[in-house]
Amino acid sequence: MIRNSLLTVKTELVQYNSFGEVFLRRLSWSKVWKLPKTGDGIKVTAIVWRPDSVVLAVGYSSGDVTLVDVESGDIVHTFNPCGEAITALSWENSITSINKEAENFLLPDLLPQPSKVNSSKLDTGSMLEGYKGLKNEELLSLLWIGLKNGLVYGYAFGLFPCCLLKLSELSGLNETIGTVRSICPNGDHSQLCILADVRAGRSEVLLITVDTPLITYCLKELYGLGVLYRQISGLMDCLISAQKALQEAWEDALVDLESKMVRYDNNDGQSSLSVDLMELLMFGHAGIKLEKFLVTDLTDKGLKRIGQAVELSYSNMQKLLIKHIVCANYQLSHYLTQLCGLAKQEDRFSCLGLQVNLCLNACRAAGSFTAKTAELQQVIDGSIKYLKTFFRWLYVTILRLSDEPIPPELATSTQQDVRFIANFLAKDFETDGQVRLDRIGQYLRNEPLTSIASSKTRPWDMLAETCPTITNFPESDLFQPRAERSLVQEFTHLEQQVKASFEAIPSAVGQTASLPFMTNLTLDCQSDGLDKIKIISRSINQPKDRCNLIGLTNSTTPSSGFYLFEFASEKERKNLTRAAFFSFKRCNHLPPGEYKLSDMQFYNDEIMSILLLTEENTNSIFLQLSLALLREQLAPIMSRRGPFNSSFQSDLFASSFRVFNDFQATALGLSSSRKVAAIFSAAKRKVRIFDMEVEEEEDVEDEDQEIEDVSDLSQEISKDGGNQKDVSDVDMAVSP
């Protein structure tokens, strides 16, 4: 079943179905990619394009928001604001570019970021591919997210949480504001028009405007913070994937060892492989069971294969640590240092909630993580020496027990070799009767270390001992690695501190918001039917005409008419709100009869498109309405706590219309840049594509044009409605 799902930009059309799947199709209806469902019972609740059409944001009933690269269909980023269902999405750009101005207080980037690791294959990408679609934005874009609990979040670049609006607190109402139905920003980040449920169990909605002056005042600062947050988030993701790959490499080493060592069965159950090997090392005598295991089960060739595989796993761990974890953490420290520098500019950033002490804590946590990675690097280097010495000794032992000749280069061993082997068997080889290689494994678990390295081998302690003057620095300026913490614990601490650095920003920005206008609107439907109210919005940003328009039906579709609200944005008409109700009983050009509204969309700044059904539900009418004429009939309304009631019904003036005989159309998709409209049938099995601006002399030529030849969907129409051409009917593949 395909739901209210048609969204078009440029050459693409996006659908989602009741199973939570999202499709991107070309105009020819060929499928470009499919985004699978995220879980059973989880539905798509909102979709919005980024203004440049490079990224698509998808909201789910689970509260997740997924950013998808339109070109490839890859998931760029996924986040969950607070666990509540997503009910509205809107994405706006700032009017002017602030990229170069923000660069004045940001340091230049270091070398390219380390590639992201595919943990399942230990492969790497060329760059942090997940974030490629979110880079190179010269304009500050804000993704606004409305939730079921009446909260509205703002995310800069779709990544950085920079604003939190609590509508119930802003409104001052005794009742809690519920589901946010629609968000319409005005284009310069200074105001939002929001439609939300006002009372549970009643068919009443609240129309409000919210001023966000701090966002407008601090555009450059928010842009800079958004750029840093994007870099820091990308590096944190890189560290997470590298640590997963590190864990897998260690587990591979365990599997290779356990595949052979697990076959050993001691005599009485009171001993173990490590104990018997230790006795063999100390006394030079192997028991019957151990000798049989070494000569028959393990064999010299099998030991060689295990040694090579384990050494390869250790080599992979070293590469991951040096090329990815260390490199990414150095760059992370670079960006966190920048963040500290910005926080110290209190005249510019303190009002945004950026605190110096929290940023310094994050910077110190990155330093502690650096010290712990250096410690693990030394442990891995030492373990490789132990492993090589152990396998060489065991190989010689097997040859001796098999009466095979021993190569001269392996015939001798030193006292240091014996000590290495003894330490390896005692501390690293086995835990609770199982092969564990625990000297490294303890660093990869989220728990304190069981075997703490000596202070003489820990790099940070060695530095402090070599440079005594370091103790003269204030403790707050030093890294503070904890000897007992594992690598995973240090990273968890780093994540917490980085999150805390940005955590206060959304509330600080949201607290400066105000609510200049509010009115209630009672709709002609049951309270559980509010989800089926058709709501559309558009922001107009012309030099002499800046406003937000919100249209909504007076009942569940098909409905008898619609409300149109205009919220002025320019200084001369600031906070002026006008509204009217339009009924299809008063529409010129239409034959007499009863009509119901099936769907409506703003086509561009001048035209609204309407889809009507006749009384018998047999025919459909595609209607074009002039927004200029509609807006002339709007009457001013005042902000009030009581309900808004339209005292009159305004006339409708159609610029053009088209009647579809024997075609029930229920859904409408528009795209203005390429002048094409898409109309769904009632059964959602067919779609008609219309070219909205065909020249008169081209009509005959275009009649034979197949839909595969039309490569673009778009959104613009001439002032008089233009000429419309029915390009084709296309069967639509519907999910079962």
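User: At 17% relative accessibility, does C363 count as buried or exposed?

Analyst: This is a predicted model, in which local features need pLDDT of at least 70 and side-chain atom pairs count only at pLDDT 80 or more, while totals for chains, interfaces and linings use all residues. Residues are numbered from 1 along each chain as its sequence is written, and side-chain values use heavy atoms, with hydrogens and water left out. Buried means under 20% relative accessible area, exposed over 50%, and partly exposed in between (1.4 Å probe, protein chains only). With its 17%, C363 therefore counts as buried.

User: How many disulfides does the count come to?

Analyst: A disulfide here is a pair of cysteine sulfur atoms within 2.5 Å. By this rule the count is zero.

User: How far is C363 from the nearest cysteine sulfur?

Analyst: C363 takes part in no disulfide. Its nearest cysteine sulfur belongs to C340, at a distance of 4.5 Å.

User: Which cysteine has the sulfur closest to that of C547?

Analyst: C547 is buried too, because its relative accessibility is 1%. Its closest cysteine sulfur is 8.9 Å away, too far for a bond, and sits in C184.

User: In what order do the four strands of the open sheet stand?

Analyst: Strands (E, at least two residues) and helices (H or I, at least four) are DSSP runs numbered from the N terminus, and two strands pair if DSSP finds at least two bridges between them. Pairing in this open sheet is antiparallel, and the order is β9-β12-β13-β14.

User: Which strands stand at the edges of this sheet?

Analyst: An edge strand here has a single partner, so one side of it is left without a neighbour in the sheet. That describes β9 (86-93) and β14 (160-166).

User: How many residues of β12 are buried?

Analyst: Strand β12 covers residues 141-147. S141, L143, I145 and L147 point one way, L142, W144 and G146 point the other way, and all are buried. The tally for β12 is thus, by the accessibility cut-off, seven of seven.

User: Which residue in the turn between β12 and β13 has a positive phi?

Analyst: β12 and β13 run antiparallel and are joined by five bridges. They form a hairpin with three residues between them. The positive phi, about 85°, belongs to G150.

User: How far apart are the end C-alpha atoms of helix α9?

Analyst: The expected span of a helix is 1.5 Å times one less than its number of residues. Helix α9 has 46 residues (356-401), so it should span 68 Å. The distance between its end C-alpha atoms agrees, at 67 Å.
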